[in-house]
Amino acid sequence: MARMATTQRVVISTIGAWFFGFLIFFPILWMVLASFKTELEAFAIPPSFLFFHWTMENYVTVQERSDYLHHAMNSIIIAGGSTLIALLIAIPAAWSMAFSPTKRTKDILLWMLSTKMMPPVGVLVPVYLIYKSFGLLDSRIGLVFILCLGNLPIVIWMLFTYFKEIPRDILEAARMDGATIGRELVYVLTPMAIPGLASTMLLNLILAWNEAFWTLNLSTSNAAPLTTFIASYSSPEGLFWAKLSAASTLAIAPILVLGWFSQKQLVRGLTFGAVK
């Protein structure tokens, strides 16, 4: 009876997991299907799920109207650049807070986290004026800088959590062998925290890729990433759902593929230190 009960519980849990997984993924599936419909079929009520006239017209129109590769390259440079700079700043910062804390370390961490609670629109005007004065509007460097600063508190917090799980004895042994702080960071600490670094990098990359507020307000054409590419299909004439779905599908495809192939590493990093 115990085995049957356990098997039944596993089956129910599996069905429940698949149900909620499908429920969460359904909007993305619906968006992909709508991208292959005509505008009339995308608005049709009741909607058709699979039995409709499949067409690639929307993707052709999107590519003719907008330079997808240009926007995709901007997204790669902006998301990748902001992630790399954030890691270069966060690794030594998290190391110092984890292994050389002071009486103000907790206050600093809480202050950094509190900055994420402020709505970005509250500092839009001063940031916009500063960017205008320094010629950073519609530039990749400007977007890299603002996205790096925006996600930096999360990166430092995550790395601080991972570093706290590393035994101090290993670092002390490295110091006794004559390792400098730089060698300790590069050859001892970083290799041991690879799961945490990988998950932090992936999460920051996803956040930077999906950032819409700053990219829409600080870029127009030259540095416009895929979020601006999607927004361009919202016009005063109305929403063209099929073309908007095609543009959105093209925009999320790279990060969706990356997340699919790196999901094991992401889960491993997010649960790093959770199970002893």
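These are my notebook entries on a predicted model of one protein.

**Entry 1: confidence**

The mean pLDDT of the protein is 83, and 92% of its residues reach 70 or more. Which element has the lowest confidence, and which the highest? Strand β2, residues 238–239, is lowest with a mean of 62, while helix α6, residues 124–133, is highest at 93. A reminder to myself: where pLDDT is low, the predicted coordinates should not be read in detail.

**Entry 2: the transmembrane annotation**

Next I looked up the UniProt record. The unreviewed entry places the feature "transmembrane region" at residues 12–33, 76–96, 108–131, 143–163, 184–209 and 240–261. I checked two of these spans in the model. Residues 76–96 are 100% helix and 0% strand, and I found 30 Å between the C-alpha atoms at the ends. Residues 184–209 are 96% helix, again with 0% strand, and here the end C-alpha atoms are 32 Å apart.

**Entry 3: one side of a helix**

I then turned to helix α3, which covers residues 57–65. Which of its residues are buried? They are Asn58, Tyr59 and Val62. These residues cover an arc of only 100° around the axis, so they sit on the same side of α3.

I counted two cavities of 30 Å³ or more. The largest cavity has a volume of about 40 Å³. Its lining is made of Asn74, Ser75, Ile78, Ala79, Leu147, Ala208, Trp209, Thr215 and Pro225. Helices α4 (68–99) and α10 (194–210) are the elements that give two or more residues to this lining, and α4 gives the most, with four. Sorted by class, the lining of the largest cavity has six nonpolar and three polar residues, and no charged ones.

**Entry 4: the largest pocket**

Open spaces came next. The largest pocket holds about 580 Å³. It is lined by 23 residues, and the closest to its centre are Thr115, Ile146, Leu149, Gly150 and Trp214. Which helix supplies the largest share of the lining of the largest pocket? That is α7, with nine residues. Helices α5 (105–114), α6 and α7 (140–164) each supply at least two. By class I noted 18 nonpolar, three polar and two charged residues in the lining of the largest pocket.

**Entry 5: the second largest pocket**

The second largest pocket has about 310 Å³ of space. I listed Gly21, Ile24, Phe25, Ile28, Leu256, Val257, Gly259, Trp260, Phe261 and Gln263 as its lining. The elements giving two or more of these residues are α1 (2–34) and α13 (241–261). Helix α13 has the largest share, five residues. The lining of the second largest pocket has seven nonpolar and three polar residues, with no charged residue.

Last, I stopped at Asp138, in the loop between α6 and α7. Asp138 has a positive phi of about 55°, although it is not a glycine. Is Asp138 buried or exposed? Its relative accessibility is 15%, and the cut-off for buried is under 20%, so Asp138 counts as buried.

Conventions: Residues numbered from 1 in each chain as written. Predicted model: local features only at pLDDT ≥ 70, side-chain atom pairs only at ≥ 80, totals over all residues. Heavy atoms only, no water. UniProt positions renumbered as here; feature names shortened; annotations may be inferred. pLDDT = per-residue confidence, 0-100. Buried < 20%, exposed > 50% of the residue type's maximum accessible area, 1.4 Å probe, protein only. Arc of directions from axis to C-beta. 1 Å grid on protein atoms, 1.4 Å probe; cavity = no way out; pocket = protein on both sides within 12 Å on 5 of 7 lines; lining within 4 Å. Points joined across faces, edges and corners; volume = space filled by probe spheres on them. Nonpolar A, V, L, I, M, F, W, Y, C, P; charged D, E, K, R; others polar.
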